[in-house]
Amino acid sequence: MDVLKPQIGDWWHALLQGAGLSSGWIVFLDALVITLILLGLGLTSVLFAVWLERKLAARVQDRLGPNRVGPYGLVQTVADALKLLTKEDITPDNAERLSYNLAPGLAVFAVLMLLLVIPFGPGLIGADINVGVLYLVAMGSVGIMAILMAGWSSNNKYALLGGFRAVAQLLSYEIPMILAMSVPVLFAGTMSMEKLVEQQAHGRWFGVVMPAAFFLYFLAALAENERTPFDLLEADSEIVAGYHIEYSGMKFAWFFLAFFLNTLILSAIATTLFLGGWRGPFVEQVPALGIFYFLAKSFVLVFAFMWIRATFPRLRIDQMMAFAWKVMVPTGLVLVLVAAVFVKLPVAPLVRDVLLFLVNVFILLVVAGLVGRHLRLQIKRLSEGAAVVS
Amino acid sequence: MILKVVFLLVSLFTVGSALMVVTHKNLFSSALFLVASFFGVAALYVLLEAEFLAVAQVLIYVGAIATLIIFAIMLTRGMMSGRTSPRNDQAAWAGLASVVLGLVLLYVVVFRVQWPVVEKPVPPDTIEQLGRALVGRYVVPFEVASVLLLAALVGAVLIAREKEV
Amino acid sequence: MLNTYAVIGLYALVALTFPFIVLLFARLVRPSKPNPLKNSTYECGMETIGDTWVQFRAQYYLFALVFVVFDVEVVFLYPWAVAYGKLGLFALVEMALFIGLLAVALVYAWRKGILEWQ
């Protein structure tokens, strides 16, 4: 199969060798080019995503949204970024300066590092590490550290409370996320992001075979991204803005950027793990199509993220924690076991996939039914006045 | 050559942060330096081409253990606000004890352990081999470890709940 | 393989320094007129009362504890999942046992009310 990177790479290497460079320099320049491409791609796509979210939320709320700067307000985010860059940056007197200044950069670093292992097209991946999937989760813990540092060092009660809420939430939803992500790994027998896409040939997307695992990942991603309905860690009406309350100017911009880049990357990961990545019709003949398919699938998910944010109300902290541990973790454990059993089932692959799909739908229905029953019981108890409002 | 420089830098970073952990006055900052030190260790694993270990190190030590330590600092009375001094009247004895212990450990590690030195590249399927080993050769330690974790959870829950009541 | 590490290393270096370089640049172009009121802790205009870094509830610790147990065990799932396709039925049995133990931990925490956020 034709792969893009080697093709371009050969041409590029021939060019460099023609210029008479040693192999060490070529390795360095390779790395530099990949780095610049990834960073440029990440930062520009964030500008677009912010615009998209504002436009979308506006439409949901029957407003126009940004429409002054550039066509359809497309350059609005650039203007905002410039404004934030030139804004005064206030450091509270009581803050612990070192942690306070390090936290925003660390938050951006944690998210930027994720870009490295995302296959944007056939062969187009920054670095195909063979522990790719776990690497993604591990970088998430770096983000958690950034939040802890920001929340603690601001020396502000809201920031501290928001920070610790955030960490409790991120930790809780990390487990179902890891469980959901282990299902594609189980099917493909690899953790390399590139090979995971290769394994999803002929429309056998893992998200189609295991819709429940995909759904579990999607919900966990919503929570990991601190999005509605899981955005209570920055609940404006309760703790003002959460861990980044004291941040202003460019430091705030970094948290903002990390948030939006995380949305994009979580969608890209979902696309890679569950929706076949860059796979699609005719991609074998025209590899460049892969980039288009990848972006299209990712942005459908980004759209869903934003739509949910514009529509849903917020959960309460006890509901949020209970949902992670009492609904998602057990479901995740069951799903891993089900996937493992079916992989070993001695039937034709197609039969197995159909069976798996049906079992998944059944599990989803059962879980939804149980949650629904619990909620109805709670509402009934509340309306009877038996429950004491605490 | 470059690898050696990188190794030296990473080692310096790791040891330096470890020193900051024990000398810093603020306990929370100490915890953050501990995280930095964990990262240094992860980077050392990467230099050894042990990617799984590196990722597990970040995931478990930075993501889980460090957070647990920070939460523990938070819920201990008076730990968050006051600047606890790392020194007390037993500092000299403790220093002596740790230096002696450190030297003994170093001696054993350097001179008494037969390190298997094999000059060959790391196989590409290390993770698969690890998986095989976990359910094959090391299955009993593996399951015992999970029972141990369960026991740790039960014990901690019992202690923590007693405090609450 | 060394190529990949070169990419990761350089990328990590740039990704780590880039945010701070921009912050330094912002320092040059932005105004800086601090005053005591501006630099005070933001609390919706109210004076802050008491210390920020107070003692937190043990609840957070218990959740973190359950998380540590799960995190450590879930990491073990991955090598198993990678090798699973090439292993026999015993791999399934052993992992079922393992996941069963995890489920026991979860049920225990649940029954003890650890998962209840009060």
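Q: How many residues of chain C are in contact with chain B?
A: This is a predicted model, where local features need pLDDT of at least 70 and side-chain atom pairs 80 or more, while totals for chains, interfaces and linings use all residues. Residues are numbered from 1 along each chain as written, with chains lettered from A and ligands numbered from 1 in written order. Contact means C-beta atoms, placed from the backbone, within 7 Å. On the chain B side 38 residues take part, and on the chain C side the number is 38.

Q: Which helix gives the largest share of the side of chain C that touches chain B?
A: Helices here are DSSP runs (H or I, at least four residues), numbered from the N terminus. Those giving two or more residues to this side are H2 (58-83) and H3 (89-111) of chain C. The largest share, 19 residues, belongs to H2(C).

Q: How are H9(A) and H14(A) oriented to each other?
A: H9 (211-224) and H14 (349-383) of chain A pack at about 45°, with axes 7 Å apart. Angles under 35 degrees are roughly parallel, over 145 roughly antiparallel, 65 to 115 roughly perpendicular, and the rest oblique. The pair is therefore oblique.

Notes: Contact = placed C-beta atoms within 7 Å. Axes fitted to C-alpha atoms, helices over the stretch in contact; angles between N-to-C directions.
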